[in-house]
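Here's a quick briefing on the protein shown below. Have a look at the fold first, then go through the notes.

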Amino acid sequence: MRKLLLQSLFRQPLTEQAPRPDDAAIAELAATVGRTARRRLGRSLSIREVDAGSCNGCELEIHALSNPYYDVERFGIWFVASPRHADVLLVTGPVTKNMREALERTYNATPDPKWVVAAGDCARDGGCFAGSYAVVGGVS
């Protein structure tokens, strides 16, 4: 075990370098997202993320969008704390019996026009948790 640990400390990683970002493509994407959000909503896009009973795998990916590397806010996309300020409900995980009413209240508190996005297989149809006594199903 000690030998493996020492080898892993001095060995280079076996991954490839990430491709260099194309600044022109990123600027074009930001402009397109901004135009679309303003055309449909009249303002930038505000997202309320709701965990309906997930294993937190999707949350890790979603929270990474706000770190300095991805920085989704430069595209005019904001995560908000209140559903009253949101345009999009981003739901992760299967809808559990304990979270069903809270998710419905959050949906009703979000002003129109609103979009609902089911992130991941679990939010879509229950995923590997489908059929469990505690799961109602996916987002519908």
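Among contacts in the protein between residues at least 6 apart in sequence, what percentage join residues at least 24 apart? The figure is 76%, where a contact means heavy atoms within 4.5 Å. Keep in mind that this is a predicted model, in which local features need pLDDT of at least 70 and side-chain atom pairs count only at pLDDT 80 or more, while totals for chains, interfaces and linings use all residues. Residues are numbered from 1 along each chain as its sequence is written, and side-chain values use heavy atoms, with hydrogens and water left out.

**Overall build**

- The protein has five helices and six strands, taken as DSSP runs numbered from the N terminus (helices are H or I with at least four residues, strands are E with at least two).
- Starting at the N terminus, the order is α-α-β-α-β-β-β-α-β-α-β.
- The protein is more spread out than a compact globule, because its radius of gyration is 19 Å, well over the 14 Å from the globule rule for 140 residues. That radius is taken over C-alpha atoms, and the rule is 2.2 Å times the number of residues to the power 0.38.
- Along the principal axes, the C-alpha atoms fill a box of roughly 55 × 45 × 20 Å.

**Surface and burial**

- Buried residues make up 29% of the 140 in the protein; buried means under 20% relative accessible area, exposed means over 50%, and partly exposed is in between (1.4 Å probe, protein chains only).
- The accessible surface comes to about 10,100 Å², and carbon and sulfur atoms account for 56% of that. The areas come from the Shrake-Rupley method with a 1.4 Å probe.

**Strand β1 and its partner**

- Strand β1 (residues 45-51) is largely enclosed by the rest of the structure, because five of its seven residues are buried.
- Strands β1 and β2 (residues 77-79) run parallel, joined by three bridges; strands pair if DSSP finds at least two bridges between them.
- Leu 45 has Ile 77 of β2 as its bridge partner.

**Two helix residues**

- Thr 106 sits in helix α4 (residues 97-109) and counts as buried, at 14% relative accessibility.
- Leaving out residues up to four places away in sequence, Thr 106 touches Val 50, Pro 83 and Leu 89.
- Leu 60 belongs to helix α3 (residues 57-64) and is exposed, with a relative accessible area of 62%.
- Leu 60 and Pro 111 are 51 residues apart along the chain, and 27 Å separates their C-alpha atoms.
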